[in-house]
Amino acid sequence: MDPTDPTDLTVLYRGPLASCDYDCPYCPFAKRRDSAAQLRADRAALERFVAWARGPHDHRLSVLFTPWGEGLTRSWYRRALVDLSHEPRVERVAIQTNLSCRTDWLAEAAADTVALWCTYHPGQTPYGRFLAKTHRLSGLGIRYSVGVVGLPEHLDDARRLRADLPSHVYLWINAAEGHTYTDEQADEWTALDPLFPYSRRPHRSAGLPCRTGRSVVSVDGEGTVRRCHFVRTELGNLYDGSYRSALAPRPCPLTACDCHIGYVHLETLPLYDVFAGGVLERVPRAQALPPRPLLPVVSGRPGPPAASPAPAR
């Protein structure tokens, strides 16, 4: 997709779903068990969004589902990915997932369009079970990345993953919320993920150009459109079309951006080139990964981050 073309639109969709089958102690967001009524509301909201995506509009769409909870244990998220993957105007549909779901349903999806952003959570699922599921993804020809939250107790698991995953599968490391890394510790993580320096510290963003609000938007279950998950200013509503007149270049109003799904869209960073063709699923071009750590020159901790990161789904 061409981020300069106003007909190309990337949508980060987050409905009301908040239930998860994992209980990670490092997750910065409290998880709850959704009631039957809440699940029905989430399903209705998602089906409304899918109907819009498949309906009459002039966008070429890329869609990333970023639920607070785990979406793929719910049939309506699996169906959404399958259905959207076959839409000719959808160039990519992806979801953040802990990969606890079964994988056979992906055989119904268009493998050149659907993709998964997978996180391994040590202690929440057996290592062998998780690894076997990644092998099944490879066998189905599904694009995916795998990641780990960069806590000290996860280092051995991350090293094991890097050794066991196919060499072409990108292993990303998210800096843990509230965790400070010494240079030596950062080097250990960077040895596994050459792009870890981008995650290590928040990025200054105030007044800087960002693709969000023009070619990238956030949409919630009510259809409210915002520039991203971290800026609460409303741009309109997806379903009445009022968002269209608000799509325009605009600088970031926040002090800093410390979440990958936010700072990847900063125009001051080269990440659209690094992840060309795989921005949503966090899959870099093979030749874009540097042989040595890639040190971003605009990183720095300018005080408390302006927005909390999304959970490492």
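**View 1. Val 11 has Val 63 in E2 as its bridge partner.** E1 and strand E2 (residues 60-65) pair in the parallel sense, over six bridges; strands pair if DSSP finds at least two bridges between them. Helices (H or I, at least four residues) and strands (E, at least two) are DSSP runs, numbered from the N terminus. H1 packs on the sheet and touches E1 and E2, contact meaning heavy atoms within 4.5 Å. The direction of H1 makes about 160 degrees with that of E2; axes are lines fitted to C-alpha atoms, for helices over the stretch in contact, and angles run from 0 to 180 degrees between N-to-C directions. This is a predicted model, in which local features need pLDDT of at least 70 and side-chain atom pairs count only at pLDDT 80 or more, while totals for chains, interfaces and linings use all residues. Residues are numbered from 1 along each chain as its sequence is written, and side-chain values use heavy atoms, with hydrogens and water left out.

**View 2. Nine strands form an open sheet with mixed pairing.** The strand order is E6-E5-E4-E3-E2-E1-E9-E10-E11. E6 and strand E11 (231-237) are the edge strands, each pairing on one side only. On average, neighbouring strands of this sheet are turned by 30 degrees against each other, direction ignored.

**View 3. Tyr 13 and Phe 49 form one of the 10 aromatic pairs that a search of the whole structure finds.** Their ring centres are 4.7 Å apart and their planes at 25 degrees, so the pair is stacked. Rings of Phe, Tyr and Trp (its six-membered ring) pair if their centres lie within 6.5 Å; planes under 30 degrees apart count as stacked, over 60 as edge-to-face and the rest as tilted. Because Tyr 13 lies in strand E1 (residues 8-14) and Phe 49 in helix H1 (residues 36-54), the pair ties together parts that are 36 residues apart in sequence. Tyr 13, at 1% relative accessibility, counts as buried, and so does Phe 49, at 0%. Buried means under 20% relative accessible area, exposed over 50%, partly exposed in between (1.4 Å probe, protein chains only).

**View 4. Trp 117 and Trp 172 form an edge-to-face pair.** The distance is 5.8 Å centre to centre, with 70 degrees between the planes. Trp 117 lies in strand E4 (residues 114-119) and Trp 172 in strand E6 (residues 171-175), so the pair ties together parts that are 55 residues apart in sequence. Both Trp 117 and Trp 172 are buried.
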